[in-house]
Amino acid sequence: MSAEAARPLRVYGVVGFKNSGKTTLLERLVGEIVGRGFSVSTLKHAHHVFDVDRPGKDSWRHREAGARQVLVASRKRWALMHELRDEEEPELETLLAKLAPVDLVLIEGYKRGPHPKIEAFRGENDHPVLALEDPQVRAIATDAPDDPRLSAARVPMLDLNDPATVAAFILADLGLPARTGAAEG
């Protein structure tokens, strides 16, 4: 087993309700953490039927014909699509096991998962605070730190619009050493 394959899998989630800023925060965190020299992968949970393929394209036609898996490859990238057909949705751990080893996997969604999380919270939305019910929420990234709904939360408040600070919090919480410089291939 290679040293890279033996590396422990570190995961951290970004959770929140619709329009809370999860995707934007996660996108900015990826750039920030990769810029600090770490390798990062992402895993996003979708609550709806989605397609990464376009109707009429060869890979779409293969899936529509009944293929369980379709792998598309070029000199720039490869993608593997797996149709569940009548199978149950895989557990988070099963999906994480399919990823290549990296320093950190950032997860968008899976708000009920057992991994550590940052909650994205926008004051303009009328949503409850997940941190009040989930001990795995380690901090709240918000644009409204004085929102009364957050007053009972016993976690740090971070600026939703400051990905450098949020990234530093995540890396410190995971015990990842500070690095500088761009990531290697």
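This is a predicted model: local features need pLDDT of at least 70, side-chain atom pairs count only at pLDDT 80 or more; totals for chains, interfaces and linings use all residues.
Local features were taken at pLDDT of at least 70 and side-chain atom pairs only at pLDDT 80 or more, whereas totals for chains, interfaces and linings use all residues. Residues are numbered from 1 along each chain as its sequence is written, and side-chain values use heavy atoms, with hydrogens and water left out.

The protein contains 5 helices and 8 strands, arranged from the N terminus as α-β-α-β-α-β-β-α-β-β-β-β-α; helices (H or I, at least four residues) and strands (E, at least two) are DSSP runs numbered from the N terminus. Of its 185 residues, 36% are buried (under 20% relative accessible area, 1.4 Å probe, protein chains only).

Six strands form an open parallel sheet in the order E2-E5-E1-E6-E7-E8, pairing being assigned where DSSP finds at least two bridges between two strands. Strands E2 (40–44) and E8 (157–159) are at the edges with a single partner strand each, so one side of each lacks a neighbour in the sheet. Strands E1 (residues 11–15) and E5 (residues 104–108) pair over 4 bridges, with Leu106 of E5 as the bridge partner of Tyr12.

Helix H2 (residues 22–35) lies across E1, E2, E5, E6 (117–121) and E7 (137–142), at about 170 degrees to E5. Helix H5 (residues 163–174) touches E1, E5, E6, E7 and E8, and its direction makes about 140 degrees with that of E1. Contact denotes heavy atoms within 4.5 Å; angles run from 0 to 180 degrees between N-to-C directions of axes fitted to C-alpha atoms, for helices over the stretch in contact.

How values were computed:
Buried means under 20% relative accessible area, exposed over 50%, partly exposed in between (1.4 Å probe, protein chains only).
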